[in-house]
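I opened the file and kept notes as I went. The entries follow in the order I looked things up.

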Amino acid sequence: MQNLFRYCSICCLLLSHLVGGTSAAGPDERKPYFPPQKVSVLPILHVPKGLPAPDPALARMIYRHVQWSQRRYQELLGTTFKIAVPATKMYRGRYTLAEYRAFDNKVGPHIHAQHLHHLNVTRFNCPYVLFTVLYNPENGFPSGRGGSVNGGFNTGGGTVLMSSHDFTERPNAQSTIQHELGHAFGLPHVDAYGYPLKGDSPSIMTYNPKHHTNRFRPSSQPGILIAEDIRGLALNDRVFPDLDFDPEKHIPQGYEISPTIKSNSAGSYLGVPDYKLKSRPMPGKRRGRIFRMQCVCESPPVPAPQSASTDASCGFQMPSMASPALTLKFPFPVELSSMRIYSGHSGAYHPVTSASVMVPGDGGNYRELGSSDFQSLDGQVMFDTTESRSWRLALTPGKSRKVVLRGIRFYSGDIDIFRPAICLVKP
Ligand SMILES: [Zn+2]
């Protein structure tokens, strides 16, 4: 029992090393909404209140499985994720097993919120995939699940939740771990790309029973990472800094890779603000259509309708306005010093020619912080470091009097905050 309570002090030490140690600006200057520089996998055995401590062999088995997954990703990618600690951390939960059951599908938000709190990190700066096994000596609750904390790729940490039953009573824990870690790194199921989820896909991001491992024995037909999976993981520099997607190497001959990149959405955690930036056209300018905010697309030099990079649905399309404007609202005040604006469709149409950034001032008016004339489709507005929850972006269209935005990025110094779920543009 004593061991269970060591978790907090050990992790506080660990954090001073892993979080504070990786800070470029120094721990005091980093805001709680700055993203982590690196993300590693933290194995946790979560023991519900009132249950006796599990056999230490369980914690060792969990760790051995995470190490096997780490080796499997190495085989498939030529690089792999890091494990944060040398042994599974034990954590005594706030609730009984019966209470966790009553949370039903919300059990993950309840459990992961406890870990964020105890690790003294936020959903924004959490440098871990919280790989959590709920100790449940009775049955298979909860079913395995995983996701990226803030949705998409490279936006921060991740979560996995499995039951100890998956390890002790079922043979295929390992194939499940490989799959759930894929979700934690940002990957969706393959049906997002139109491949059957329960069919014969070779991807680990399916429910293909042929991939099932048997205890510590691999499947005779193990799951792999298909080209779409590798392309997604390569966007996650915080987990896989050495992985680059190389079409020649990663797309098999004759294989038609899906042109669009898909990912998963952000999780919700109890008592924790959402990773959500609200945006809307200025009042009275309702003709502007707003699509997904959390994406920044590339702009190809020539129109290519089949290409993901021409997908205007990742940004804003605001037709026929002399001076389109957006209001942007963060879940709390954020400190910014520049915005990068990516405009134009198909590399040619509907550019922004100049942009101005404003914040609310006295008497309900907006105060301009800075403006910039764009030399190309993309531009940057820099201004004195300012903290505000609400922001306004005024855009000047070109001859077409219409603007298409492929995305916006927000910087506090050189740190991009509220990074988009899918970002195909280098800074
Ligand atoms: Zn899944």
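**Entry 1**

In between, I call the residue partly exposed. The model is predicted, so I read every value as computed.

I started with Asp104. Is Asp104 buried or exposed? I found 9 C-beta neighbours inside 10 Å, so Asp104 counts as exposed. Asp104 sits in the loop between α3 (97-103) and α4. I noted its phi near 55°, positive in a residue other than glycine. Most residues other than glycine have a negative phi, and most peptide bonds are trans.

I then went to Arg401. Its phi is also positive, about 55°, and Arg401 is not a glycine. Arg401 belongs to the loop between β13 (378-397) and β14 (403-412). I counted 15 other C-beta atoms within 10 Å, so Arg401 is partly exposed.

Next came the peptide bonds. The one from Phe141 to Pro142 is cis, with omega near -10°. I placed Pro142 in the loop between β3 and β4.

**Entry 1: the whole chain**

I stepped back for the totals. The protein chain has eight helices and 16 strands. Of its 427 residues, 43% count as buried. I took the contacts between residues at least 6 apart in sequence; 73% of them join residues at least 24 apart.

**Entry 2: the five-stranded sheet**

In what order do the strands of the open sheet lie? I read β2-β1-β3-β5-β4, five strands with mixed pairing. The edge strands are β2 and β4 (145-148), each pairing on one side only.

β1 and β2 run parallel and are joined by five bridges. His46 stands opposite Tyr91 in β2.

Helices lie on this sheet. α2 packs on it and touches β1, β2 and β3. The direction of α2 makes about 155° with that of β1. Helix α4 (residues 107-118) lies across β1, β2, β3, β4 and β5 (158-163). I put α4 at about 120° to β3.

**Entry 3: helix α2**

I checked the length of α2 (residues 56-77). Its 22 residues reach 32 Å from first C-alpha to last, close to the 32 Å expected at 1.5 Å a residue.

Which residues of α2 are buried? I listed Leu58, Ala59, Met61, Ile62, His65, Val66, Ser69, Arg72 and Tyr73. They cover an arc of only 160° around the axis, which puts them on the same side of α2. The face turned away carries exposed residues: Ala57, Arg60, Arg71, Gln74 and Glu75.

I then asked what the buried residues pack against. The partners are β1 (40-49), β2 (89-96), β3 (128-134), α5 (164-168) and α6 (173-184). Just after α2, Gly78 takes a positive phi of about 80°.

Leaving aside neighbours within four places in sequence, Ile62 is in contact with Pro43, Leu45, Thr88, Val133 and Phe167. The largest nonpolar core has 53 residues; Leu42, Leu45, Ile62, Val129 and Phe131 touch the most other members. Apart from this core lies another, of 38 residues, including Phe124, Ala325, Leu336 and Met358.

At 1.5 Å a residue, α6 should span 16 Å; its end C-alpha atoms are 16 Å apart, which agrees. Gly186 follows α6, with a positive phi near 120°.

I ended at Tyr193, in the loop between α6 and α7 (227-233). Tyr193 has 20 C-beta neighbours inside 10 Å, so Tyr193 counts as buried. Leaving aside neighbours within four places in sequence, Tyr193 is in contact with Glu228, Ser258 and Lys262. I also took a C-alpha distance: Tyr193 and Ile261 are 68 residues apart along the chain, and 8.4 Å separates them.

Terms used. Residues numbered from 1 in each chain as written. Predicted model: local features only at pLDDT ≥ 70, side-chain atom pairs only at ≥ 80, totals over all residues. Helix = DSSP H or I, 4+ residues; strand = E, 2+ residues; numbered from the N terminus. Expected span 1.5 Å × (residues − 1). Buried ≥ 20, exposed ≤ 12 C-beta atoms within 10 Å, placed from the backbone. Arc of directions from axis to C-beta. Contact = placed C-beta atoms within 7 Å. Core = buried A, V, L, I, M, F, W, Y, C linked by C-beta atoms within 7 Å. Pairing = 2+ DSSP bridges. Axes fitted to C-alpha atoms, helices over the stretch in contact; angles between N-to-C directions.
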